[in-house]
Amino acid sequence: MSLVEGGRYECLKGFVIGTSKAQIVQVAKGDVAVVKKVTGVKMYFVKDRYLPQTAYGQYFKKKEKE
């Protein structure tokens, strides 16, 4: 699935990212990520974090028009 720049993708299942207590971010089901292009690569941007599609694609689906 190709990401659409500026597209909104809804989180299907909650997960936690981060390596230390100060950096841990919890992404909840229903949170919405916006796709932004970073150095030529499209990534999910949610809660001030950039997430690559290869690692996190299974957690998001394209949000239907509101």
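Colleague: Where is aspartate 48 found, in terms of strands?

Modeller: Aspartate 48 sits in the loop between β5 and β6 (49–52). Just so you know, this is a predicted model, where local features need pLDDT of at least 70, side-chain atom pairs count only at pLDDT 80 or more, and totals for chains, interfaces and linings use all residues. Residues are numbered from 1 along each chain as its sequence is written, and side-chain values use heavy atoms, with hydrogens and water left out.

Colleague: Why does aspartate 48 count as exposed?

Modeller: Check the cut-offs: buried means under 20% relative accessible area, exposed over 50%, and partly exposed in between (1.4 Å probe, protein chains only). Aspartate 48 has 66% relative accessibility, so it counts as exposed. Its phi is near 60 degrees, a positive value in a residue other than glycine.

Colleague: And what makes threonine 39 exposed?

Modeller: The relative accessible area of threonine 39 is 79%, so it is exposed too. You'll find threonine 39 in the loop between β4 (32–38) and β5 (41–46). Threonine 39 also has a positive phi without being glycine, near 45 degrees.

Colleague: How many helices and strands does the protein have?

Modeller: One helix and seven strands. Helices (H or I, at least four residues) and strands (E, at least two) are DSSP runs, numbered from the N terminus. Reading from that end, the order is β-β-β-β-β-β-α-β.

Colleague: How do you know how confident the predictor is?

Modeller: Look at pLDDT, the predictor's confidence in each residue, from 0 to 100. The protein averages 91, and 95% of the residues score at least 70. Confidence is lowest in helix α1 (residues 53–56), at a mean of 92, and highest in strand β1 (residues 8–11), at 96.

Colleague: Why does the radius of gyration agree with a compact globule?

Modeller: The radius is taken over C-alpha atoms, and the globule rule is 2.2 Å times the number of residues to the power 0.38. With 66 residues, that rule gives a value near 11 Å, and the protein has 12 Å, so the two agree. The C-alpha atoms fill a box of roughly 35 × 30 × 15 Å along the principal axes. Buried residues make up 29% of the 66 residues.

Colleague: What share of the contacts with a separation of 6 or more comes from residues 24 or more positions apart?

Modeller: That share is 48%. A contact here means heavy atoms within 4.5 Å.
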